[in-house]
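Here are my notes on the model you sent over. Have a look at the fold first, then read on.

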Amino acid sequence: MALDKEEISERVIAIAEDLIEAGGAENLKARAIATQAGIAVGSIYNLFRDIDDLHRAVNMRLLDRLGEAGASAMAELEKAGVTDTRQRLLALARAYAGFVAAHPASWPALLAFNRRQLPHAEPDAYEARLSALLQIIARVLADGRFGLDETRLRIAARTLWSSVHGIVTSGYAANSAGRQADETWEQVELLVAVFIKGLERGGTFDHAETARRES
């Protein structure tokens, strides 16, 4: 029985994801995908504009899974009655670290793909998904009652995301060279603790604004 367009598309994306995970973005070849999917090479280009468009579809799926991982982590803590801001932020960081570890080739390929893309005239799907991830962090910070308005909540969430992202991704790169994984997590714990302490003491944003004016 012939598969419909959506089923073939899903099959192609799944195969593409496996190929990237097995050998990085350079492993993403139309002929290899077509052979595994049991379709003609031309059929791939009836579904996707080019290989980059297919890689983008794989990346969208990865970002959706990352969002699901974060939401699941928050749901588990809510079910357990955990409201502590530090524990919740660390749970999100742990979910992200686990996601990176589970996708050792496809996640770096996504990051590399993003770096080489030209800015889009229309709102980017990556940014929309990143905004959804940042909203999870922003809600945790809002529940912490640090007195931040919406703009500062957004800035704080993006700052924390970028910092954890940097520690985790650089940590995994270092660990591939034999470094201790424990040190990466200690850095994350230190970052979250200091970040929260700064918000609790207040004036963090005022201090940053003063430093900008004086520089």
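1. Ground rules. This is a predicted model, where local features need pLDDT of at least 70, side-chain atom pairs count only at pLDDT 80 or more, and totals for chains, interfaces and linings use all residues. Residues are numbered from 1 along each chain as its sequence is written, and side-chain values use heavy atoms, with hydrogens and water left out.

2. Overall make-up. The protein chain has ten helices and zero strands (DSSP runs numbered from the N terminus, with helices being H or I of at least four residues and strands E of at least two). From the N terminus the order of elements is simply α-α-α-α-α-α-α-α-α-α.

3. Of the 215 residues in the protein chain, 38% are buried (under 20% relative accessible area, 1.4 Å probe, protein chains only). Among contacts with a separation of 6 or more, 70% join residues 24 or more positions apart; contact here means heavy atoms within 4.5 Å. The accessible surface is about 12,600 Å², with 52% of it belonging to carbon and sulfur atoms (Shrake-Rupley method, 1.4 Å probe).

4. H4 against H7. The axes of H4 (residues 51-79) and H7 (residues 125-143) come within 10 Å and cross at roughly 10°; axes are lines fitted to C-alpha atoms over the stretch in contact, and angles run from 0 to 180 degrees between N-to-C directions. So H4 is roughly parallel to H7 (angles under 35 degrees). H4 brings residues including Arg56, Leu63, Gly67 and Met74, while those from H7 include Tyr126, Arg129 and Val140. By class, the contact has ten nonpolar, three polar and three charged residues (Ala, Val, Leu, Ile, Met, Phe, Trp, Tyr, Cys and Pro are nonpolar, Asp, Glu, Lys and Arg charged, and the others, Gly among them, polar).

5. H1 against H2. Helix H1 (residues 5-23) and helix H2 (residues 30-37) pack at about 125°, axes 10 Å apart. Val12, Ile15 and Leu19 of H1 are among the contact residues, as are Ile33 and Gln36 of H2.

Definitions and conventions:
Angles under 35 degrees count as roughly parallel, over 145 as roughly antiparallel, 65 to 115 as roughly perpendicular and the rest as oblique. Buried means under 20% relative accessible area, exposed over 50%, partly exposed in between (1.4 Å probe, protein chains only).
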